[in-house]
Amino acid sequence: MADGRNVIEYDRVRKTYPHKRAPVPAIADMSFAVGEQEFASVLGPSGCGKTTLLKITAGIMPVSGGTVRVNGQPVTEPVSNLGMVFQTPVLIKWRNVMDNVLFPVEILRHSRSDYLERAHELVRLVGLEGFENRLPGELSGGMQQRVSICRALITDPALLLMDEPFGALDALTREDMNLELLRIWEARKKTVLFVTHSIPEAVFLSDKVIVLSPRPSRVARIFEIGFARSRDFSVCYTKEFGEYCDAIRAEIKR
Amino acid sequence: MEIKDLEEVKIETIQGLPTRGLKLREIAVPTATLVLMFLAWEAAVRAFQISPVILPPPSAALLLIWKNPGLLLTHTYVTTQEILLGFLLAIVVGLAFSVVMIHSKILSEALYPLLVLSQMVPKVAVAPLLLLWLGYGMLPKVVIAFTIAFFPIVINGVSGLTSIDPEMLDLLKVLKASRSQILVKIRIKNSLPYLFDGLKIAITLAVIGAIVAEFIGGETGLGYLIIASNATINTAMMFAALILLSALGMLLFALIMVVERFSIPWHFRQ
């Protein structure tokens with residue numbers, strides 16, 4: 001998948017949260033890279049700084065040491081041309097689906113009409129056709145999260161950061177969302193950094209799974225997942241899939 | 001911290017109130033309760049032959065209103081004006097304060113103790129001073145109604161403007177939204193449900209403020225009417241004024257609820 005160019009590079013990144021008595025180290029020393037159009041997942045025990053890593057990558061949180069580079073540029077301010085999906089949908093309650101999807105366009109002061117067609121296309125892509133005028137309060141959790149994915153994609157960013165986007169969904173909805181995400185990713189090749197707690201989800205989705213150690217985290221091991229694209233759930237029943245999952249689980253337990 | 005604490009207390013007292021679409025039952029039940037209460041009052045006064053100086057029957061008070069509509073409505077009109085002017089002033093100044101306080105930490109720290117202080121000083125104690133400064137006209141009544149109504153608006157305004165999901169703030173950072181964009185597109189609308197709760201408290205306080213001011217120095221208004229009737233032991237007139245005052249307060253409260261339903265339908269649809 002990757003063509004050799006790195007979109008994200010972490011070079012000895014450290015993050016320590018200040019605290020009155022003792023500073024809390026979240027990320028000890030992290031170095032890895034994510035290639036262009038690669039789907040990379042970050043797995044690790046709770047509290048190992050996965051969300052911190054995404055915030056640092058987006059440029060909305062400073063590092064304590066080391067450098068993050070996105071497209072070769074050291075990250076010192078919020079990174080442009082980037083989409084972010086959070087653990088919760090974080091939709092604006094008083095805006096309907098369409099207006100939520102178009103929110104980034106407004107903030108960037110671009111013309112809404114230039115993006116209307118694209119917004120409709122995205123809404124169709126995630127199966128929310130007919131719900132364009134509904135308010136978030138009228139949608140299920142899964143539908144809301146799909147709206148937030150559309151919002152992250154509306155400006156067609158080359159880089160997508162996803163922080164456990166399906167963590168709050170039930171297992172069936174989650175599987176649907178995984179398939180949908182792969183469909184979107186294959187349709188408009190992007191670089192994705194995906195944080196998750198689920199080993200099978202990471203293996204199913206990714207080209208590369210980065211396993212982190214407990215806090216303060218380092219890269220414990222990186223697994224290259226060799227399944228061909230496009231994938232469907234049949235890969236989950238192969239012997240290799242189980243082997244990947246076992247190896248990753250063993251690495252996390254270590 | 002302090003703002004949060006106050007906020008929680010307020011939400012608990014307000015939550016029991018019906019805020020969804022008004023149903024016939026929601027109007028019928030309170031009306032029936034009220035009518036029953038009046039009937040019981042009437043019956044008790046007659047059955048126990050209570051002196052009308054102590055407790056006149058409600059029919060006597062209602063009859064007074066019926067027979068002197070001009071007099072009573074004039075007083076009601078004056079009080080309504082004082083309440084509304086004080087309330088509107090409280091909204092304007094309260095919102096301005098809220099916006100300033102969330103944008104400047106120093107100003108917030110400087111103003112917050114003053115705000116609390118302004119609330120701690122009993123208005124009854126300050127009212128004579130205000131009358132001394134501002135005369136006996138409408139102005140001191142409006143000012144007192146304002147000073148008392150303004151507090152819940154600021155407190156709830158600040159809570160509403162700042163109670164934004166941390167992930168929403170992260171999203172805004174990712175989008176590089178400017179402060180003014182955040183204020184206009186997110187904070188203001190986000191604060192409305194909180195603000196309406198504050199307005200409901202503020203309007204009842206504005207009523208109290210106006211009446212207290214009229215008690216202390218006034219020549220018109222329902223508060224003046226109560227005091228004047230008290231001096232002549234015209235108890236029925238006192239009750240007539242009280243009934244009108246209660247009706248006025250409830251009407252204003254209901255008005256805010258109606259505006260709330262129309263302006264933040266998304267808040268009730270979750």
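Good morning. As this is a predicted model, local features need pLDDT of at least 70 and side-chain atom pairs count only at pLDDT 80 or more, while totals for chains, interfaces and linings use all residues. Residues are numbered from 1 along each chain as its sequence is written, and chains are lettered from A and ligands numbered from 1 in the order in which they are written.

Let me begin with chain B. This chain has 11 helices and 0 strands; helices (H or I, at least four residues) and strands (E, at least two) are DSSP runs, numbered from the N terminus. Along the principal axes, the C-alpha atoms of chain B fill a box of roughly 75 × 50 × 30 Å. Of the 270 residues in chain B, 33% are buried. A residue is buried if 20 or more other C-beta atoms lie within 10 Å of its own, exposed if 12 or fewer, and partly exposed in between, with C-beta atoms placed from the backbone.

How do α4(B) and α11(B) pack? Helix α4 (residues 69-103) and helix α11 (residues 235-263) of chain B meet at an angle of about 40 degrees, and their axes are 11 Å apart. Axes here are lines fitted to C-alpha atoms, for helices over the stretch in contact, and angles run from 0 to 180 degrees between N-to-C directions. The two helices are therefore oblique to each other: angles under 35 degrees count as roughly parallel, over 145 as roughly antiparallel, 65 to 115 as roughly perpendicular and the rest as oblique. On the α4(B) side, L72(B), T76(B), T79(B), T80(B) and I83(B) meet A240(B), L244(B), L248(B) and L252(B) of α11(B). By class, this contact has 6 nonpolar, 3 polar and no charged residues. Ala, Val, Leu, Ile, Met, Phe, Trp, Tyr, Cys and Pro count as nonpolar, Asp, Glu, Lys and Arg as charged, and the others, Gly among them, as polar.

Now to the place where the chains meet. In total, 16 residues of chain B are in contact with 18 residues of chain A, where contact means that C-beta atoms, placed from the backbone, lie within 7 Å. Which element gives the largest share of the side of chain B that touches chain A? It is α8(B), with 6 residues. By class, that side has 7 nonpolar, 2 polar and 7 charged residues. Within α8(B), the residues D170(B), L171(B), L172(B) and V174(B) are buried. The buried residues of this helix pack against α1 and β6 (82-85) of chain A, together with α9 of chain B. After α8(B) comes K176(B), whose phi is positive, near 55 degrees.

Finally, chain A. Strands pair if DSSP finds at least two bridges between them; β1 (residues 6-17) and β4 of chain A do so in the antiparallel sense, over 5 bridges. In this pair, R14(A) stands opposite G65(A) in β4(A).

R14(A) also leads us to S64(A), which touches R14(A), K15(A) and T16(A), not counting residues up to four places away in sequence. S64(A) is found in the loop between α1 (50-58) and β4 (65-70) of chain A. Why does S64(A) count as partly exposed? The reason is that S64(A) has 15 C-beta neighbours inside 10 Å. Thank you.

Conventions:
Two residues are in contact if their C-beta atoms, placed from the backbone, lie within 7 Å.
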